[in-house]
Amino acid sequence: MSGDKNPSSFTIGNTAQEKGLDYVPECYVVSPSKSSSSGTEKARIPTIDMSRLRMNGNKRSIAIEELGEACRHRGFFQVVNHGISQSILDEALAMALGFFDLPSEEKLKFKSNDVYNPVRYGTSLKDGADKVQFWRVFLEHYAHPLDAWIDSWPHNPPQYREKMGKYCAQVRNLALELMGMIIESLSLRISPNRLTPKMDRGMQIMAVNCYPPCPKPEMALGLPPHSDYTCLTIILQSSTGLEILDTDDGNWKMVPELHGALQVHIGDHFEVMSNGVYKSVVHRATLNSEKTRISIASLHSLGMDDKMETANELIDEQNPKRYKESSFRDFLDFLANNDIADGKHFIDTLKI
């Protein structure tokens, strides 16, 4: 069909993934070199046991070293015994699915293509403006301070604010705990009045993603390869579909399912802070033809205009400063003016 080549034919409320088309329009097709494969190898993912990190003495020291190694080598790990109950995880996923199952007119109340909007419903990356469309529907909303934002969230499904809000609060506590431990794993003695308060008052954004069944999942993607602009991102997903780029061999690897675990990404701002010792992980969302996949990403960064800079303790003659400082607003400006599907990455703009 002639309109299948034009991304502007697939605007919010009228996209292939929302309509459940039984074919993949041409503007959704990614090049074979970028497409997913049903035979993708499973990634070997470090599993971090939070109960060991909460111990004292030598056991905790060993666990901190293991955390540092995961950040250094993969930029990605899974956490278990994190303290968030399975019922809270399940309810958050159920609320997300419930929202995407609502009639279109209810979801379109939150329609926005403005990346600066604190609550927005959309499709792909930038609805209708992407050269390549992605088989994704999403709801994004700010979540900290929770009482400042929760009343702007959807009120349908009726328990969305309560159930999602409970998950947001608990996953933020986990993120703050992990960020402190990651800084500790770098052996930094950062003054408490320098970075920790910035994290305490920092941003939390929930990216609630829905990837409907795709008739030809090998031809399209849910999200293109990218790294997160955050300090840390914590992922809760209903099923597999997340792939990470293995820097050892350059191949894509599927993140295996581990019931009750949460996936953790090191983001661009921790790469900057660590002067490249820790790397932000490049990842993408793949599709399947059988069932809808839900992924809830809790993205944690400093405040909107707080600048993340490299720790002075990690700069010397042998290790010069490698990155410019940047803020969350800087990333939004980048996102508004670039197409990440073209392979442009925010972190590359920061390298000196």
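A cavity is, on a 1 Å grid over the protein atoms alone, a set of points where a 1.4 Å probe fits but cannot get out; lining residues have an atom within 4 Å of a point. Grid points are joined across faces, edges and corners, and a volume is the space filled by probe spheres set on the points.

This is a predicted model: local features need pLDDT of at least 70, side-chain atom pairs count only at pLDDT 80 or more, and totals for chains, interfaces and linings use all residues. Residues are numbered from 1 along each chain as its sequence is written, and side-chain values use heavy atoms, with hydrogens and water left out.

**The cavity**

The structure holds one cavity of 30 Å³ or more. The largest cavity has a volume of about 620 Å³. Its lining counts 42 residues, and Arg136, Glu140, His226, Asp228 and Tyr229 are the closest to the centre. The lining divides into 23 nonpolar, 10 polar and nine charged residues. Here Ala, Val, Leu, Ile, Met, Phe, Trp, Tyr, Cys and Pro count as nonpolar, Asp, Glu, Lys and Arg as charged, and the others, Gly among them, as polar.

Which elements supply the lining? Strands S3 (119-123), S4 (137-142), S5, S6 (223-226), S7 (232-237), S11 (283-285) and S12 (293-301) and helix H10 (328-337) each supply at least two residues. H10 gives the most, with five residues. Helices (H or I, at least four residues) and strands (E, at least two) are DSSP runs, numbered from the N terminus.

**Salt bridges**

The structure holds 16 salt bridges. A salt bridge is a side-chain nitrogen of Lys or Arg within 4 Å of a carboxyl oxygen of Asp or Glu. Three of them are listed here.

| Pair | Closest N and O atoms |
|---|---|
| Arg54 and Glu177 | 2.9 Å |
| Glu140 and Arg136 | 3.9 Å |

Lys307 lies in the loop between S12 and H10 and Asp330 in helix H10, so the pair ties together parts that are 23 residues apart in sequence. Lys307 is partly exposed at 33% relative accessible area, and Asp330 is partly exposed at 25%. Buried means under 20% relative accessible area, exposed over 50%, and partly exposed in between (1.4 Å probe, protein chains only).

Are Glu140 and Arg136 buried or exposed? Both Glu140 and Arg136 are buried.

Arg54 forms its salt bridge with Glu177. The pair links distant parts of the chain, 123 residues apart: Arg54 sits in the loop between helix H2 (50-53) and helix H3 (57-73), Glu177 in helix H7 (residues 160-185). Arg54 is partly exposed at 39%, and Glu177 is partly exposed at 25%. Elsewhere, Arg74, Asp246, Asp249 and Lys253 are linked in a network of salt bridges.

**Two single residues**

Asn209 is found in strand S5 (residues 203-211). Asn209 counts as buried because its relative accessibility is 4%. Leaving aside neighbours within four places in sequence, Asn209 is in contact (heavy atoms within 4.5 Å) with residues including Phe100, Arg136 and Ser295. The Asn209 side chain reaches the backbone oxygen of Ala207 at 3.5 Å.

Arg161 has its place in helix H7. Arg161 is partly exposed, with a relative accessible area of 23%. Its side chain reaches the backbone oxygen of Asp151 at 3.0 Å. The C-alpha atoms of Arg161 and Ile150 are separated by 6.5 Å, and the two residues are 11 residues apart along the chain.

Technical notes
A polar contact is a pair of N or O atoms within 3.5 Å; within protein, one must be able to donate a hydrogen and the other to accept it, and residues adjacent in sequence count only if both atoms are side-chain atoms. On a 1 Å grid over the protein atoms alone, a cavity is a set of points where a 1.4 Å probe fits but cannot get out, and a pocket is an open set with protein on both sides within 12 Å along at least five of seven lines; lining residues have an atom within 4 Å of a point.
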